[in-house]
Amino acid sequence: MKNAIAFALILSGLAAAPSVLGMYYTTLIIPIIAYSIALLGLNLLFGYGGLLSFGHAMFMAVGAYASAVLGTKLGVRSFEVQLLVAMLASGTIAALIGLLCLRYATIFFSMLTLAFGMIFHSFLFKFYDLTGGESGISVARPSLFGMNFTSISKTAFLVGPFYWYVLGVFLAMFAIMAVIVSSPFGLALKAARDNERKTAFLGVGVFRVRYVAFVLSAVYCAVGGAILAVSIGAADPEQSFWTQSGNMIFIIILGGLGQLFGPIVGSLSFTLLQDALMANTQYWRFAMGAALALIIIFAPRGILGLITGLFERKR
Amino acid sequence: MEMLLRAFGITKTYGAFTALSDISFDVSKGEVVAVVGPNGAGKTTLVSTLSGLYRPDSGDVIFEGRSVLGLGPAALALRGLARSFQLVTVYPTFTVEDMIAVGAFARAGETFRLWKPACLYKAERDEVREIAAAFGLSHRLSTPCSALSQGEKKLVDIASALTLRPRLMLLDEPTSGISSADKHRIMETLLDAARRCGVESLVLVEHDMDLISRYATRVIGLKAGQIVADMRPDAFFRDPEVIDTLVGKVPHHALG
Amino acid sequence: MATVDLLFAALFNAAVLFLVTAGLQLIFGVQRIVNLTAGSLYAFGAYFGASVFEWFSAQGGPAVLLLPVLIVAGLLAGQVGFLVERVLRTVYGREEAFQLLMTFAFVLMFQDVLRYVWGAQPRLLADLPSVYGMIAIGAFTFPAYNAAVIACALLVAGLLWWLIDRTPLGHIIRATAENRQMAEALGANTRRINMLVFMLGSMLGTVGGALVIPTTAASLEMPIALIVETFAVVVIGGLGSIRGAFLGALIVGLLRALSLSYFPEMEVMSIYLVVVFVLVLRPYGLFGKAAA
Amino acid sequence: QNTPLKIGIIAPRAGTAAYIGENGLRSAEWTAKKINEAGGIAGRKIELVVEEETNAKETLERARRLVLQEKVDCIQGGYSTGVTLPMAPTLEDMQVLTIFWDGTTQDGVKETMPSPKYVFKSTDNECEAVMASLIAAKHLKGQFKRIAAISPDYTYGRNVWTAFKALNKKFGIDAEVVSEQWSSFSQLDFTSNVAALKAAKPDLIYCVLGNADLPIFMRAATSAGLTDTARMVLVQAGHQHGQLKKPFTPVGTLLCYNTMYFAKPNPSAAQKEFVDYYMDRFKDYPHWECERAYFAMNLYKAGVEKVVAAKGGSWPKPEEVAQAMEGITFESFGGPAAMRKDHIAEEVFYGGFGTHDNPYDVSTLQTPYSYSASVLQKPPGADFWGWLETATFPV
Amino acid sequence: MLSVEGVSVDIAGAPILHGVGLEVKEGEIVCLVGRNGAGKTTLLRTLMGQLKPRTGEIRWRGALISGRSPHHIARRGIGFSPEESEVFASLTVAQNIAFGTWTRPTARPAAERIALAYEVFPKLKTYMQRGGAELSGGERKMVSIARALALDPDLLLLDEPFEGLSPAIIPTIAAGITSIRAAGKAVLMAESNVQHIPEYVSRIHVIERGEIVFRGSLEAARSDPGVRGVVSGLA
Ligand SMILES: Nc1ncnc2c1ncn2[C@@H]1O[C@H](COP(=O)(O)OP(=O)(O)OP(=O)(O)O)[C@@H](O)[C@H]1O
Ligand SMILES: Nc1ncnc2c1ncn2[C@@H]1O[C@H](COP(=O)(O)OP(=O)(O)OP(=O)(O)O)[C@@H](O)[C@H]1O
Ligand SMILES: [Mg+2]
Ligand SMILES: [Mg+2]
C-alpha cells in the first residue's frame, strides 16, 4: 500500500515534469529514467541477490549498440523492434557468460564480471567496422509505434513523444519488477543471498535462481541502454568501461540497496547532484567521491533509508 | 518394515585422512536413529554424505530406491530428504514466515514463478502457518529471524526444512546450545511436528544421552569413521563396553 | 637475441605490474578489501617521485642517488594510506561491497587531487635510466635501471612472502582479516594491524609508482588504466595471494610481450581471454583460495 | 545590446585528454581577454561558460545545459570524435552556432550531417598524417625499405597508417612492413613493444602515439638503441612536443606539429604575444589546440562583425552569423586560415625534421615546412580514400 | 580479582542486561547458568570489551576495564573462548593455539604455555597441522579453549565450553580445568545445560532475563526453588 502511494507520487511527479520543469531538466529526466530501468535490473541482482557485478555497464552498452546498429546501419527505425532486439541480444550474452560467472557468488563474481565487461569494451574498440571503434556509432531518431516525428526538432522529440514513451516503458518495467521481487522467485533469490547452502537444502536450485536474475538484470540494462542511446544520439564504447559499472553501483547505493525505489531515487539524486557539481566546480569528481564516502558512512541504507528513518523517528 | 535409505560401503577421505571407512547401514520407515560418537568420529561427515553435500570416495547411498550421488542438495531435498546443520542457519533479513515459506514454494515447484506475488499463494501460506503452529511459532511469524533467541532460531531452522514434507530428516546436533530446561520441550515439539508433517524417519546426531534414551529407537555408534555399535537404546545403555568406548562415564545432573 | 630482448622486456613489465599488484594483494589478502585505489596510489607515487627527484636535482643532488631517492619518496608518498585507512576504517564491519565502493570513492577523489596538485601535463624524468648505464651480455644490452627494478620486485616478493607466510605477525595479520573480533579478544591490536597493513600495501603501490617513473610518465590516466591491468594479474594469480601476484604478473608480462610480436591485434584482448580461461579452469585463480 | 555575449566552451579536463583541453582552455581564455580589451565582439564583451568534456552522455548534457540553461550564443570546443559525433546533430537541431576545435576523424565525419547549417567542424584529423607522408616522400625517399608502425588501437591510428602505406605506393616507394604494434590506450610501459620493434629491424618507424605514451615510448626506444637504427616519424609530436626532451628525441626525427608551431621563425604578432605569454605564465610550450581555440573565437568574431557591418543596428541571428562565417578568411596564429563553405576549417600545418640547435630543452624543427590544409584535406564532398588515390600532391 | 557492579547492556537499542553484579576471586571456578537468551553471552562479551555497558563498572584487579578495548583486556590476562569457537580457518591448529603467545608475552616461556594447552587436549596433537576449516564441531571447541589457555591468562572466560563435546571427553576437560585452578587461575564459564555444570564449581550464578537471580554454592542452589524452576524450565 505504502509502495503504491509512493509510486503514484513519483509517477505523477514525472508526468508533471515536462510542464513544470524547464526544457533542460526535462531532457535530464530521460537519462534518469533510462538509468532507473537499468538499475531496477542491477538491483535485482545486487540488492536482492547479493551479487555485486562490476560489469553491468556492458549490458547497457549492448542495448545502446543494438539500437545504433539497427537504426543507423540497418535502417530499422522502429523503437519497439530495437528494444526487442536489445533485450534479446543482452539476454543471450548474459545467458552465455552467466554460465561462467555465476559459479561464484562473492568477490570472484565481481572480478569475473569486470573481466567480461572489459573484454566487451575492447571488443567495441577492436571491431570498429561493426562498432565504430572509439568514436562509436550515432543513433538515428527512432520511430515510436510506427510514427516518425520527423517534423519536430530533436529536443522537442525528446521532451515530447519520446518522454511519454519512455515513461510508459518505465511504468511497465517497474510494475514487472515489483511483482518479481515479491514473487516466490524474489524470496528464493534473497534466501540464496542470506545463506546459499541452507537455501539449496530447502529445495531451491540456487544456481538457476541466480542465473535467471542475471539474465533478467541484463535485459533491464539493455532497455535502459537503448533509451539512453537515443537521448544521447550515440552509442560509444566508454559506456561499457568499468568505471561506468562503478557508477551504476554508486547510484544504487545512493538510492538504497535492495529497495524497490532505490534505483529511481538514486538516479534522480545522482544526476541532479552531478549536474549541480559539474556546473559549479571543475573538481566535481572530488565532490562526488566525497559525497559517496559520506553516504556510505552515514547513510548505509541510502537516501531512501534516510527518508524512511525520518518517518520512523517522527512516529 | 519398508526401507527408506540404504548406505553401503561408504568411504570418505579428506586428503590423506580417512573420515569414514566402509560404512553400511539402512534406515527403515518409523525409525528414529541416533548417531553417537566422540568428537571427530565422522558424524557430520556422514550426514553430509547422506544428504548429497559430499560425494563419497566409494560406496553408494540409495534413497527410495535411487542413488543420491551427484543429485545435489536441492534435488534431493525435493525428493524428500531434508537436513539441518550443526550451527543454526536462519536468514537474518527474513521474517519467520518468509523463511519458512521458501521451502514451501520450492516443494510446490513455484520458485520460478516470477509473475505472482508470494502473498497471493493461499495454500502455501496456510501451510506455513500450520507448520509454524506445530513449532509454537505462531506469534513469531512477522518477527525478523535475527531477533530470535538461540532456541527459536533452531526451531525456525528445522521448521523451514519440514515444509518440504520430507520422508527422511537428518538433524545434526539439533539440541546443542539449547539450555537443558528447554531441551525436552524442543525435542518433543520437533518430533511431534515431524510426525505431523509426514516425516517417516529421523536420523539425528546427538551427544545428550538423556535425549537418546528417551526418544531414539535405535543407536548407531561411530568411532574413528567406523560403526562400532548399532542397537536398540536399551541394549546400548546396558552394554558397558560400548558405553565406555563411545560415551565414557555418563555424567549425572549436578543440580539434580 | 630478439627473444632475449623480448624476454627481458616481459620481465621488466612483470616486475612493474607485480609491485602494484602486491600492494593490492596484501590489502585484499589481509583485509578482504579490493582496493581500487591501488592505481591511484601508484600514480601518486609516480608524481611524487618525479617531483621529489626534480627537487633533489635542483638542490644539486647527484643523479646516481636516483634509486634511493625514489624509494624514499615512494615510502613518503605511501603515508597517504594513513588518511585513506582512517576513512575506510568506518566500514570495516560492513559487507565487502561497501568497502569496495569506499575505495571507488577515493578513486574519484584522487583523480582531482592529482590534477589539482600536478596539473594536466604528464610528468616524466628525462634520460634518467641512462644514469646507471647499460648492461651488456654478449650481443644484447639492456638498461641497468630496469634490471634494478626487477631486482627490487624480486626482493619485495621475497620479503612479503616471508612476512605473511613465515612470521607470527603474518599469522596475526591473517587471523585479523578473517575474524577481527576474535583476534582482538586474543590480544591483537587490530586497529594497529589494519593500519599497518593498509599503509604497507599503500607504500608498495607508491614505491612501485616512484620506481617506474624513470621509465614511464606520470599522467592522469594512470590510475584508471592501471587498475584494470592489475585486476587481470590478480584474477589470474588468485586474489590475496602474493605468490599469485608474482605468477600472474609474470604471465601477463610474458603474454603481452609474446602477443605483441606474434599477434599484435590481440594484445589487449588476449590478456582478458587468459583471465577468463584461468577462471574457468581454476575459479579462484592459480593460487587463490575460496573466501572463507 | 550591452549584455555580454555568452560563449560556451567544452573541453576535456581529466584523464588522457586533459592536457589537450588545458591548452585549448588557456588559449580561449587569453583570446577572450584580448578581444574584450579591444572592445569585444561588435561592441559586446565576451563571457565564457566552461563545461567539461567527458563521455558522450555527460558532455551532451553539458551542451544542453549551455544552450537551455545558460542560453549561450555560441559553443566552441570538443576534442574527441566520440563526443563531437553525437553533439553535432543535437546542436544543429537546437540551432546553436557551434565551432569544434577538433574531433573530426574520417569515419566519424562521414556519417554526420552532410550539410550542416549551424555546426562548423575542424580540419580533418588526418591532415597531419597526410603531411607526414608528404614530407617523408619528399625528403626520405630511398632512405627506408623496412617500415614498422606503432599506434594506439583506434580508428585514427589505423586510418593514418593505412594512408601512409597508400601514399608510399602512390609515390613509388616500395617499403616492406615488418611490424605493426597496436598498443592499448594510455599504455604506460613500452619495453615489450620496443623489444618487438627492435627484433623486426625496421629503418623507419611510423609512430602515432600522442599522449603521455609518446615520450614514454621515445625514451624506451632511445635507451634500447632503437632510434640508432630506425628513423622515427612522430605523427602526433605536436601533442607532446613539450615532453620530447632532447636526450630521447634524436636529431632528424620527423616531427609533425599540427596547426601551430610555437617556435616558428617570424611569427605573427598574435602568435608571438601568445607564445611569450604562455611560456612565461605556464612554463610550457603551447600546442595546436591553442591555435584551434584562437581560430574558433576569432572566426565567430569575424562572422558576427561581418553581419553587423553589413546590416548595422540589430544584433544578428545565429543563422546569419553562420552564413557569414562560410568562406571567411583571416590570420590565425599559424597563418591564413579559412572556413570552407562546407563548414570545414582550413588551417596551416607544420612539420619537419628535429634539431637540438635551440635554446629549449626539447627538440624543434630544423626547417619548418608548412602545408595549407587545402593541400592536405579532401575537397568538399569527396571520400577520403578515393581522394587519396586521385589527388595530386606537391612532392 | 574480577568484580562486576551494576552492569547494564543494550544491544541495538534493546536492554539485555540489567544491573548485573558478579565477582570472581583467585582460583575460583564460577559458573553462570541460564536459559537460552538469558544474557550469558552478552555478559561475557561485555567483560571482554566487545560490548560497552550502558551503566556499571567492571574492575580487574582493581583497575577499571569497562570501556577498554578487547585487546587491552586480553593482554591484561583474560582469556576467552566464545560460544561458536571461532577458530581461525586460515591458520593451522598449531598456529591457532600459539596465537596468544605472540600477542601477550608472559613470564612463562611460550613453549611451556603451548605444552600446557595440549596437555588438556592431547587429541589435538594429532592434527596440529590441520587447517582451522577442516575440524569437526567438537574439535573446534577444543582448539578454542586450548587457544585461550595458551594466552596464559589469570582468568578464563568460557562460553558454553561443553557444547557439542562428546561426554567421553568431558572428564578430560574437567581434569584440565581443575589443573588450571591449581595454578591459581580463575574460570568463569557460562552454561545453559545443567548436566554440564561440573561438581567442583566454587559458586554458581543463575541469570534470568538479564538479571542475576541466584548466587551461591551448588548445595544452596539445589535446594533453591527459584533455581529449580529455571533449571526445569518452569520459571
Ligand atoms: N574439510 C576437511 N578436511 C580435512 N579434515 C576434515 C575436514 N572436515 C572434517 N575433517 C576431519 O574429519 C573428522 C570427522 O569430522 P566430522 O565433522 O564428521 O566429525 P563429527 O563426528 O561430526 O565431530 P563433532 O562431534 O565434533 O562435530 C574430524 O577429525 C575432522 O577433523
Ligand atoms: N544482535 C542482536 N540484536 C537483537 N537482540 C539480540 C542480539 N544479540 C542478542 N540479542 C538478544 O539478547 C538476549 C541475550 O542473548 P545472549 O546471547 O546473551 O543469551 P545467552 O544467555 O548467551 O543464550 P544462549 O544460551 O542461547 O547462548 C537474547 O534475548 C537475544 O535475543
Ligand atoms: Mg559434527
Ligand atoms: Mg550464549
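Reader: Before we start, what should I know about the numbering and the model?
Author: Residues are numbered from 1 along each chain as its sequence is written, with chains lettered from A and ligands numbered from 1 in the order in which they are written. The model is predicted, local features need pLDDT of at least 70, side-chain atom pairs count only at pLDDT 80 or more, totals for chains, interfaces and linings use all residues, and side-chain values use heavy atoms, with hydrogens and water left out.

Reader: OK, which residues coordinate the magnesium ion?
Author: B:Thr44 through OG1 and B:Gln86 through OE1, at 1.9 to 2.5 Å. Donors are N, O and S atoms within 2.8 Å of the metal (3.2 Å for Na, K and Ca), and water is not among the atoms, so sites may look incomplete.

Reader: And is B:Gln86 buried or exposed?
Author: B:Gln86 is buried, at 17% relative accessible area, while B:Thr44 is partly exposed at 28%. Buried means under 20%, exposed over 50%, partly exposed in between (1.4 Å probe, protein chains only).

Reader: Switching to ligand 1, where does it lie?
Author: Between chains B and E.

Reader: Which backbone atoms are close to its oxygen atoms?
Author: A polar backbone atom of E:Gly138 is 2.5 Å from one ligand oxygen atom, and a backbone N or O atom of B:Gly42 lies 2.8 Å from an oxygen atom of ligand 1.

Definitions and conventions
A residue is near a molecule or strand if one of its heavy atoms lies within 4 Å of it. A polar contact is a pair of N or O atoms within 3.5 Å; within protein, one must be able to donate a hydrogen and the other to accept it, and residues adjacent in sequence count only if both atoms are side-chain atoms.
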